[in-house]
Amino acid sequence: MLLGIDYIAYNGTAKCLVQVLFNDINEKVIDEFNYLIEKYNRNGFNYLYTNSTVSKEIGKYAKDNKIEIIDRSKILEQLNNSKLSEENILTSVVDTVRFNL
């Protein structure tokens with residue numbers, strides 16, 4: 001299964017590719033994301049977000065491929081260091097996501 005890109009951010013000419021996963025990241029996932037990076041964003045920033053914990057080996061493999069992994073522990077750290085409340089986060093999500101009811 002080939003991954004897709006979930007988000008592309010631009011800052012002037014700089015581009016950032018983001019992939020969000022709800023499962024474990026392994027070498028195959030890194031390789032598939034790296035294929036997309038080579039095709040669309042060789043010189044930019046590239047991030048994999050996951051709600052799971054990533055091993056040091058996979059973290060190093062990703063870093064060697066110029067991919068930064070933001071795993072569960074980093075997400076929780078960022079949330080704990082921010083001034084966002086649960087209500088603010090939910091409001092932000094609801095304002096961003098369109099639901100077809």
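**Reading helix α1 and its surroundings**

Guide: Start with helix α1, residues 27-40. The helix has 14 residues and spans 20 Å from first C-alpha to last, close to the 20 Å expected at 1.5 Å a residue. Keep in mind that this is a predicted model.

Visitor: Which residues of α1 are buried?

Guide: Buried means under 20% relative accessible area. In α1 these are Val 29, Ile 30, Glu 32, Phe 33, Asn 34, Leu 36 and Ile 37.

Visitor: Take Asn 46. Is this residue buried or exposed?

Guide: Asn 46 sits in strand β3. The cut-off for buried is under 20%. Asn 46 has 4% relative accessibility, so it counts as buried.

Visitor: What does Asn 46 touch?

Guide: Leaving aside residues up to four places away in sequence, its contacts include Phe 33 and Ile 37, along with Leu 17 and Glu 68. Phe 33 and Ile 37 are among the buried residues of α1. The Asn 46 side chain also reaches the backbone oxygen of Gly 44, at 3.4 Å.

Visitor: Now the surface. Which residues make the nonpolar patch?

Guide: Leu 76, Leu 79 and Leu 84 make a nonpolar surface patch of about 260 Å². Leu 76 belongs to helix α3, residues 72-81. Its relative accessible area is 43%, so Leu 76 is partly exposed.

Definitions and conventions
Residues numbered from 1 in each chain as written. Predicted model: local features only at pLDDT ≥ 70, side-chain atom pairs only at ≥ 80, totals over all residues. Heavy atoms only, no water. Patch = residues over 30% accessible without salt bridge, like charges linked within 9 Å, V, L, I, M, F, W, Y side chains within 5 Å. Areas by Shrake-Rupley, 256 points an atom, 1.4 Å probe, with all protein chains shown as cover. Salt bridge = Lys/Arg side-chain N within 4 Å of Asp/Glu carboxyl O. Helix = DSSP H or I, 4+ residues; strand = E, 2+ residues; numbered from the N terminus. Buried < 20%, exposed > 50% of the residue type's maximum accessible area, 1.4 Å probe, protein only. Expected span 1.5 Å × (residues − 1). Polar contact = N/O pair within 3.5 Å; in protein donor to acceptor, adjacent residues only side chain to side chain. Contact = heavy atoms within 4.5 Å.
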